[in-house]
There are 2 protein chains.
Amino acid sequence: MAETKRDALRRTLVDVAQTHIRLRGLAALRARDVTKDAGCALGSLYNAFEDLDLLILAVNSRTLKRLDSALAAALSDAPAPADAMQNLARAYLSFAVDNRQLWAALFDHRMPADQTIPDWHLKEHEILFSRLMVPIAQLSPALDDQTCALRARTIFSAVHGIVKLSLEDRFVALHPDALDSELTQMVEAITIQLQS
Amino acid sequence: MAETKRDALRRTLVDVAQTHIRLRGLAALRARDVTKDAGCALGSLYNAFEDLDLLILAVNSRTLKRLDSALAAALSDAPAPADAMQNLARAYLSFAVDNRQLWAALFDHRMPADQTIPDWHLKEHEILFSRLMVPIAQLSPALDDQTCALRARTIFSAVHGIVKLSLEDRFVALHPDALDSELTQMVEAITIQLQS
DNA sequence: AACCGTTATGAACGTTGTTCACAATCTAGG
DNA sequence: CCTAGATTGTGAACAACGTTCATAACGGTT
C-alpha cells in the first residue's frame, strides 16, 4: 500500500526525536535538528506530522508503552498485593531514573494554548493507573470499580510526585538510598490503609 | 538613593508579569506584552532584569511568599499535629485552586539549558517543606532533624503530586469533592504511619 | 551651565516553528 | 512504455520570539 513510504519517514522521525529527547531533553528539541538527522527536508516533518507537538506525542506514546511493559514486568512473578504495590513503585522509580529525559517529557510537554491533548493520547496515559487497580482491589475487596480507579489515580499521583520532585533541579539532589527508603515507607503507609 | 527609580520599574514589571501569568499562564508570557503593559520600552526589561527568566523568578518568589502565608494561616489556631497535617494539605490544595496559573508556574518554569536556578530561589522553595516539619516532629518525636526534613520533603511531594496531576489537562478532570476526599485519606494514612 | 555616569529606547539580529509555491516522484490507464 | 494526475519532497520565506546595542534622554554634582 502507498502508506508504507509515509510511515517509514514517520518512524524515522520518531526515532530521531526520541534520541534527541533522550540525550538532550525535550526543551532542546528542534525541528531543524530532527529533520537534518532524519535526512529529510524541514518541510517534510509537516507532511508526516501535523506539527512538532504531534511528533512529541508519538515519542511519548512509545515511552508510555515501554513504561507499561516495565510495570507489567514488575508483576510477572504474581506477588502478593502488598508486594505488588512495592514492586510497582520501585519499577516506576527505576524507569524514571533510567529514562530521565524521556520520562520527564511525558509530563513536561504542554500543548499550545488553542489545542488540547488528543483523546487517544489521554487514554494511553490512563493505562498507568490501571496497573495499580489489581493489587488495590485485592487489598480492599469492598471497593467498587469507580472508587478503585480513583484510588489508583491518587496513589499513582503520590508516588509520581515523590519521584518527580526528587529528580528535578529545583530541589537539592537526594541520596538514591534515602529516596528508595522514603518511597518504600510511603507505599507501606498507603498499603496498610488499603487493608484496614 | 538612586536605586529607587530602578526598583520602581522592577516592581511594575513584576506586577504586570504576575497579572499576565495569572490570567493567561506562564507559557503565554511575552516580553513585548509585559513591557507594553508596563509602559516602558522592550529593552528596559533587560535593564531591570538580567533576562525574562529572572523576571519569572521574581513572580515565583512572590507566589512562594503568599503560599507560605497561606500555609502559616492554616496553623494559626495551633491545631493538634494530626489536624495540622490535614490543614496544611487542605490549604495547599486551596491555594493551588485559587492561584492555578501562578502556582503552576512555580513548577512548570525551566531555566535555559546553560543556566541553573539561583541559590536564593532554591532556598525559597525549601520553605515549603519546613512548614511540615513541626507536626511531623510532634507525631514522630524520635526522628532526628535530618530525617524529619527528609520526611517533610517526601510528604510534601506526595501531596503536591496529587494536587498537580488533578489540576492538569493531561488527565480527565476530577470532581472537587472526590479530590478532597482522596487527599484527606492519603494524609490520614501518612499521619497514622508517623505515629506508629 | 556643563559634564558624565545612568537609564530609556526601539531598530536590528539570530533562532524558532510553520507555510507554501514549486519540483520531483510515484501510480494508474492506455 | 508513456503520459497525466495525484502525492510527496524541498527549502526559501514568513511571523513571532528573546535578546542586544548604538544612540538618545535624563539626573545629579561641581
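Trainee: Which residues come nearest to DNA strand C?
Mentor: The model is predicted. There are 19 residues around DNA strand C. The nearest ones come from chains A and B: A:Gly43, A:Asp51, A:Leu52, B:Ala41 and B:Gly43.

Trainee: Which element gives the largest share of the surface near DNA strand C?
Mentor: Two elements give two or more residues to that surface: helix 2 (31–38) of chain A and helix 1 (3–24) of chain B. The largest share is three residues. The element that gives them is helix 1 of chain B.

Trainee: Which element gives the most to the surface near DNA strand D?
Mentor: Helix 1 (3–24) of chain A and helix 2 (31–38) of chain B each supply at least two residues. By class, that surface divides into nine nonpolar, four polar and five charged residues. The top contribution is three residues, and it comes from helix 1 of chain A.

Trainee: Which helix supplies the largest share of the side of chain A that touches chain B?
Mentor: The contact takes 27 residues from chain A and 27 residues from chain B. On chain A, helix 8 (145–166) and helix 9 (176–195) each supply at least two residues. The largest share, 10 residues, belongs to helix 8 of chain A.

Trainee: And how many charged residues does the side of chain A that touches chain B have?
Mentor: Go through the classes. There are 13 nonpolar residues and nine polar ones. The charged count is five.

Trainee: Is A:Ala78 buried or exposed?
Mentor: A:Ala78 sits in the loop between helix 4 (52–73) and helix 5 (81–98) of chain A. Its phi is near 45°, a positive value in a residue other than glycine. A:Ala78 has 7, so the call is exposed.

Trainee: What is the phi of B:Ala78?
Mentor: B:Ala78 lies in the loop between helix 4 (52–73) and helix 5 (81–98) of chain B. B:Ala78 counts as exposed because 7 C-beta neighbours lie inside 10 Å. Its phi is positive, in a residue other than glycine, and the value is near 45°.

Trainee: What distance separates the C-alpha atoms of A:Pro176 and A:Val97?
Mentor: A:Pro176 lies in helix 9 of chain A. A:Pro176 is exposed, with 11 other C-beta atoms within 10 Å. A:Pro176 and A:Val97 are 79 residues apart along the chain. Their C-alpha atoms are separated by 10.0 Å.

Trainee: How does helix 5 of chain B run relative to helix 7 of chain B, roughly parallel or roughly antiparallel?
Mentor: Helix 5 and helix 7 (residues 119–139) of chain B pack with their axes 9 Å apart, at an angle of about 155°. Angles over 145 degrees count as roughly antiparallel. So the two helices of chain B are roughly antiparallel.

Trainee: Which residues of helix 5 of chain B meet helix 7 of chain B?
Mentor: The crossing of these helices is left-handed. Their contact has seven nonpolar, one polar and one charged residues. Helix 7 of chain B brings B:Arg131, B:Leu132, B:Pro135, B:Gln138 and B:Leu139. Helix 5 of chain B brings B:Pro81, B:Ala84, B:Met85 and B:Leu88.

Technical notes. Residues numbered from 1 in each chain as written. Chains lettered and ligands numbered in written order. Predicted model: local features only at pLDDT ≥ 70, side-chain atom pairs only at ≥ 80, totals over all residues. Contact = placed C-beta atoms within 7 Å. Helix = DSSP H or I, 4+ residues; strand = E, 2+ residues; numbered from the N terminus. Nonpolar A, V, L, I, M, F, W, Y, C, P; charged D, E, K, R; others polar. Buried ≥ 20, exposed ≤ 12 C-beta atoms within 10 Å, placed from the backbone. Near = placed C-beta within 6 Å. Axes fitted to C-alpha atoms, helices over the stretch in contact; angles between N-to-C directions. Parallel < 35°, antiparallel > 145°, perpendicular 65-115°, else oblique. Left-handed = near helix turned anticlockwise from the far one by under 90°.
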